[in-house]
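Work through the exercises below with the structure open beside you. Try each task before reading its solution.

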2 protein chains.
Amino acid sequence: MGHERPNIARMHGYTPGKQPATSDTIKLNTNENPYPPSPAVMRALQNIAPEALRRYPEPSAERFRTLAAQTHGVSPEQIVAVNGGDELLRMAITTFVEPGAPIGVVEPSYSLYPVLAEIHGSPVVSVPARADFCAPEDFAEHMNAAKVQLALLVNPHAPSGHLTGRAQLSKLAAALDGVLLIDEAYVDFVDPALGHDLLPMLREHDNLLFLRTLSKGYSLAGLRFGYGIGCQSLIAPLMGKTRDSYNVDVVAQALAEAALADRAVAADSWQRVRDERARVTTELRTLGCRVPDSQSNFVLAELPAKSPKARELLLLLETRGVLVRHFAQERLHDSLRITIGTPAQNDRLLGLLRELL
Amino acid sequence: MGHERPNIARMHGYTPGKQPATSDTIKLNTNENPYPPSPAVMRALQNIAPEALRRYPEPSAERFRTLAAQTHGVSPEQIVAVNGGDELLRMAITTFVEPGAPIGVVEPSYSLYPVLAEIHGSPVVSVPARADFCAPEDFAEHMNAAKVQLALLVNPHAPSGHLTGRAQLSKLAAALDGVLLIDEAYVDFVDPALGHDLLPMLREHDNLLFLRTLSKGYSLAGLRFGYGIGCQSLIAPLMGKTRDSYNVDVVAQALAEAALADRAVAADSWQRVRDERARVTTELRTLGCRVPDSQSNFVLAELPAKSPKARELLLLLETRGVLVRHFAQERLHDSLRITIGTPAQNDRLLGLLRELL
């Protein structure tokens with residue numbers, strides 16, 4: 001008999017996407033940005049002194065938080081830096097959810113959410129997404145009826161890329177009794193012509209927490225750096241109580257500062273991804289796939305009925321050196337999630353699909 | 001009314017030691033190694049490629065774990081890499097302790113333990129240390145009676161530096177029903193002449209977890225990298241279930257590998273710290289302080305009766321540019337914990353104490 005808690009013994013862990021050791025594989029499976037981080041980030045790396053490594057880091061990542069606050073027009077007390085966005089999800093659960101109390105999600109959604117709930121010993125209250133993958137209009141009512149203390153919504157939605165606008169989310173936040181965490185991991189890839197900006201909602205609701213990450217938008221998945229933006233009353237216990245005292249290291253802090261200060265380089269990659277997203281979507285549709293409009297750096301392709309099964313196609317693509325992602329979840333069995341790569345990578349994928357579909 | 005859980009609302013967070021922005025302060029307050037990390041670590045930093053930052057890191061830190069396993073004569077399945085030793089403490093609590101179930105400690109001890117217990121909603125069962133700061137002989141019996149699922153012992157003890165030997169700890173592990181986490185954050189500074197090595201205990205007990213960190217021994221406090229060594233049955237749920245999927249970043253993994261591979265440089269710093277520890281201990285005793293023998297990179301100095309109060313003395317030292325640590329805990333009110341610095345830093349501290357005591 002093991003020493004772990006019964007819920008831990010029972011559960012299955014999260015399965016991260018494959019990270020092959022060789023670099024000649026085309027990785028369209030984990031939503032990395034296909035373009036490198038800013039040269040300013042590399043300069044910051046070169047400038048790390050032995051003395052900075054020897055000492056403990058500044059525990060609250062104050063310089064980064066000040067910079068992020070300026071970038072987003074909020075106060076530093078509304079920012080918390082985390083060791084990758086996943087850490088904010090865990091910290092929010094630890095802080096706002098009694099062990100055993102339910103956690104709310106839309107189904108399908110980011111597959112880590114139910115894993116974190118299981119670790120916490122919490123049941124998941126899931127509401128099916130609408131046909132367009134948006135949260136249903138009565139989401140908050142469902143959550144309140146189940147006494148959900150924290151609801152996790154990813155927007156743009158994963159794995160579909162569907163974007164829900166401010167009006168609907170504002171109604172949802174107002175109606176929700178618990179905390180609403182809006183996971184904006186992919187928000188950098190939203191078309192700027194849409195004028196999408198949810199942060200002004202912070203002035204209207206006291207139960208809102210946004211998750212941001214440098215993993216995708218800033219090409220820094222290897223660095224593990226994200227941050228939360230939220231009402232000060234929600235950020236304070238995360239910052240001062242439940243966070244590991246030195247959760248973000250000195251290298252990550254310095255590189256994150258450099259990345260955010262040089263946003264233009266990142267923004268250029270976002271536009272290139274958007275251009276390719278439009279092209280890949282069109283091509284996939286031409287091949288008979290059903291592809292929801294995506295505002296993210298991936299698309300969800302539902303395969304045509306006569307094609308090989310999604311899981312089988314994924315393995316065929318893998319033998320040809322292209323990785324994509326499949327989720328054995330309701331509504332996703334027949335779909336592949338495909339990260340937008342460089343034009344050449346996307347060409348390779350589309351060429352293979354033309355052959356295999 | 002806030003959204004945080006009642007136990008979170010009630011609790012006070014952990015207070016990390018001061019991290020001054022200026023580097024002319026003599027920092028003898030947070031147990032950093034006074035010598036820089038190995039040049040091999042700096043070379044590894046220079047060699048980080050943009051591509052490594054762009055991609056997700058290898059999720060299980062496999063190369064580091066293989067190297068650590070070789071170093072310690074265990075298997076890679078007995079190693080888990082963590083974002084600083086504190087993360088292992090949190091993960092052990094999450095994995096092995098039902099929320100609300102008690103966590104066992106010796107008092108006084110590392111002041112983070114009760115904070116982590118509070119976050120978990122768990123009461124702390126604390127047993128007073130013996131006069132020499134060792135766990136009492138009947139520690140396991142106390143823990144079993146209280147149904148403790150996880151006991152946290154730091155050895156060498158903090159903040160005294162007292163070392164408990166294998167015979168006593170082996171008896172304790174055998175008698176304990178729950179998991180025993182032995183926090184060896186400072187073990188690198190133990191005098192090698194003592195032949196101290198607890199790892200063979202892993203072959204005799206199935207409830208043992210050791211915490212190691214590169215923060216002190218390898219001069220990498222800024223990097224946040226630690227690891228657990230334990231029975232495979234305890235490491236497996238930490239690795240596969242409760243750990244954040246990408247908890248250690250690509251830079252930390254590369255630098256940690258370089259540090260462990262170049263152990264000789266670190267070992268040289270350990271010997272220099274030991275030499276100075278002996279000298280500082282002798283000098284403090286000459287000044288009338290009571291100083292337990294320390295096998296760590298700090299000493300605990302109980303001030304002579306006629307001296308200024310410890311807290312007052314700490315502030316006086318601070319105005320003169322030397323930081324030390326004080327804990328407002330039972331048995332520690334009249335003591336200062338002083339990290340062993342370079343000979344020049346120690347001279348400066350001792351000179352000030354000669355003046356102020």
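**Exercise 1. Is B:N346 buried or exposed, and which residues does B:N346 touch?**

Step 1. B:N346 has 1% relative accessibility, so B:N346 counts as buried. The cut-offs are these: buried is under 20% relative accessible area, exposed is over 50%, and partly exposed is in between, with a 1.4 Å probe and protein chains only.

Step 2. B:N346 belongs to helix α13 of chain B, residues 343-356. Helices (H or I, at least four residues) and strands (E, at least two) are DSSP runs, numbered from the N terminus.

Step 3. List the contacts, meaning heavy atoms within 4.5 Å. Beyond four places in sequence, B:N346 is in contact with B:E276, B:R279, B:V280, B:T339, B:I340 and B:G341.

Step 4. Follow the side chain. The side chain of B:N346 reaches the backbone nitrogen of B:G341 at 2.8 Å. A polar contact is a pair of N or O atoms within 3.5 Å; within protein, one must be able to donate a hydrogen and the other to accept it, and residues adjacent in sequence count only if both atoms are side-chain atoms.

A note on the source: this is a predicted model, in which local features need pLDDT of at least 70 and side-chain atom pairs count only at pLDDT 80 or more, while totals for chains, interfaces and linings use all residues. Residues are numbered from 1 along each chain as its sequence is written, chains are lettered from A and ligands numbered from 1 in the order in which they are written, and side-chain values use heavy atoms, with hydrogens and water left out.

**Exercise 2. Where is B:S160, and what does its side chain reach?**

Step 1. B:S160 sits in the loop between β5 (150-154) and α8 (166-175) of chain B.

Step 2. Its relative accessible area is 0%, so B:S160 is buried.

Step 3. The side chain of B:S160 makes a polar contact with the side chain of B:H157 at 2.7 Å. The side chain of B:S160 also reaches the backbone nitrogen of B:H162, at 3.1 Å.

Step 4. Leave out residues up to four places away in sequence. B:S160 then touches B:F133, B:P292, B:D293, B:S294, B:F298 and B:L300.

**Exercise 3. How many residues does each chain bring to the contact, and how much area is buried?**

Step 1. Chain B brings 80 residues and chain A brings 81 residues.

Step 2. The two chains bury about 6,200 Å² between them, 54% of it on carbon and sulfur atoms. Buried area is the accessible area (1.4 Å probe) that two parts lose on being put together, summed over both.

Step 3. In chain B, B:H3, B:R54 and B:Y56 lose the most area to chain A, together 13% of what that side buries.

Step 4. Count the polar links. There are 31 residue pairs in polar contact between chain B and chain A, both at pLDDT 80 or more. The rule finds 4 salt bridges across this interface. B:R5 and A:E98 meet in a salt bridge at 3.5 Å, N to O.

Step 5. Name the helices. Those of chain B that each supply at least two residues to the side touching chain A include α1 (6-10), α5 (85-96) and α10 (250-261).

Note on methods: A salt bridge is a side-chain nitrogen of Lys or Arg within 4 Å of a carboxyl oxygen of Asp or Glu.
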